[in-house]
Amino acid sequence: MHHSKFLTALAGACLLPLQPVLAHGFAGPHMFISTLLIDDPNVADEASLPTFTWLPQPNSGGPAPEIYNLNFEFDKRITEDFGFAVNDGYQWLRQPGAKTANGWQNLTATLKYKPLVNAEHEFMLSIGVSRQFARTGANGSNGATLGNNDSSSTAPTLYWGKGFGDLPIGYLRPLALTGTLAYQIADTKLKVIGSGPDTGNALFNSGIANQWNGGLSLQYSMRYLQPQVKDLGLPEFINRLTPVAELAWSSPASKPTQSSAQYLFGIGVNYTAQAYALAVEALIPGNRQTGSHVGVIAQFHLYFDDLFPNSLGKPVVIWFE
């Protein structure tokens, strides 16, 4: 997935004949898949129902806390290239020797516009802005334990994707690189308001620090390999697969701060059919602040342009024509 507390937010049929998938994020013949740790550059009518995540949290030598997420995302086009998305999810934090904390995450809404698709060079660019609404999920001490921010924030975001179809080496042309970069701006800035009378440690208000969020994905499309490079006679199931490696990261962008840079890698595979996609990745913490052990993320993704081509799969402006 590109949001505040993104590691916490990461928490979430039959085989159809292989057919062209025309509205699922194509730039020329290259399709950018729906990635799990970062958002893809396309604007579409789709939903992730759900995305499941399990990730052991940082620990200091004993049993590690474990966080489980069931997230959902709904994306809807208003015009052909402009749309919105809504994200939320429920999470459980299991802590050794303590009661499990659970509750909803804060709601996030995104507006996204796709101004550029260059089919010849398989390039796509989108811009957007995300808004996280504080106190829409679990709050108070339970919300703080789960990592829900007590301040709303806004994040202008850049999304892009580039297929490698113009490379001279045929078997490298199915590669694609996608990325996001966001600057999250807090409504209430984090401030030191005093020090503890017993410990002398700094005391803070309920604000949060600004931060950078971003990520990259490297994809190898078997769907692209078969018609664009060479048909190896592989089964249809294999020709639907896209092996993928992702990196999501965040780092503080203002001081003072109570967080540190975090890096999370995902390595797995995506299976894309005509109307849905299935994906699973191993989650590999990039530093001690991100997690203590390898976790997992899996997603079931629906494409409404194929499921409901005459209603929910159309841009809103067409409904009234």
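**Ground rules.** Residues are numbered from 1 along each chain as its sequence is written, and side-chain values use heavy atoms, leaving out hydrogens and water. Because the model is predicted, local features need pLDDT of at least 70 and side-chain atom pairs count only at pLDDT 80 or more, while totals for chains, interfaces and linings use all residues.

**Colour by confidence.** pLDDT is the predictor's confidence in each residue, from 0 to 100. The protein chain averages 91, and 93% of the residues score at least 70. Now select residues 1-22. Their pLDDT is below 50. This stretch still has 90 contacts in the model beyond near neighbours in sequence (contact: heavy atoms within 4.5 Å). Where pLDDT is low, predicted coordinates should not be read in detail.

**The cores.** Select Leu37, Leu55, Leu93, Leu146, Leu264, Leu283 and Ile297. They have the most contacts inside the largest nonpolar core, which has 14 residues. A nonpolar core is a set of buried Ala, Val, Leu, Ile, Met, Phe, Trp, Tyr and Cys residues joined through side-chain atoms within 4.5 Å. Buried means under 20% relative accessible area, exposed over 50%, partly exposed in between (1.4 Å probe, protein chains only). Another core, of 9 residues, lies apart from that one; among its members are Leu225, Ala273, Tyr276 and Phe304.

**Aromatic rings.** The structure holds 9 aromatic pairs. Rings of Phe, Tyr and Trp (its six-membered ring) pair if their centres lie within 6.5 Å; planes under 30 degrees apart are stacked, over 60 edge-to-face, the rest tilted. Show Tyr276 and Phe300. Their ring centres are 6.0 Å apart and their planes at 40 degrees, so this pair is tilted. Tyr276 sits in strand E16 (residues 276-285) and Phe300 in strand E17 (residues 295-303), 24 residues apart. Strands (E, at least two residues) are DSSP runs, numbered from the N terminus. Which of the two is buried? Tyr276 is, at 7% relative accessible area; Phe300 is partly exposed at 29%. Next, select Phe74, Phe84, Phe304 and Phe308, which form one aromatic cluster.

Move to strands E5 (residues 82-94) and E6 (residues 101-104). They run antiparallel, joined by 4 bridges (strands pair if DSSP finds at least two bridges between them). Tyr90 has Trp104 in E6 as its bridge partner. Between the strands are 6 residues; Gly97 takes a positive phi near 75 degrees in this hairpin.

**Last stop.** Select Trp54, in strand E3 (residues 46-56). Trp54 is partly exposed at 23%. Trp54 and Trp92 are 9.6 Å apart, C-alpha to C-alpha, and 38 residues apart in sequence.
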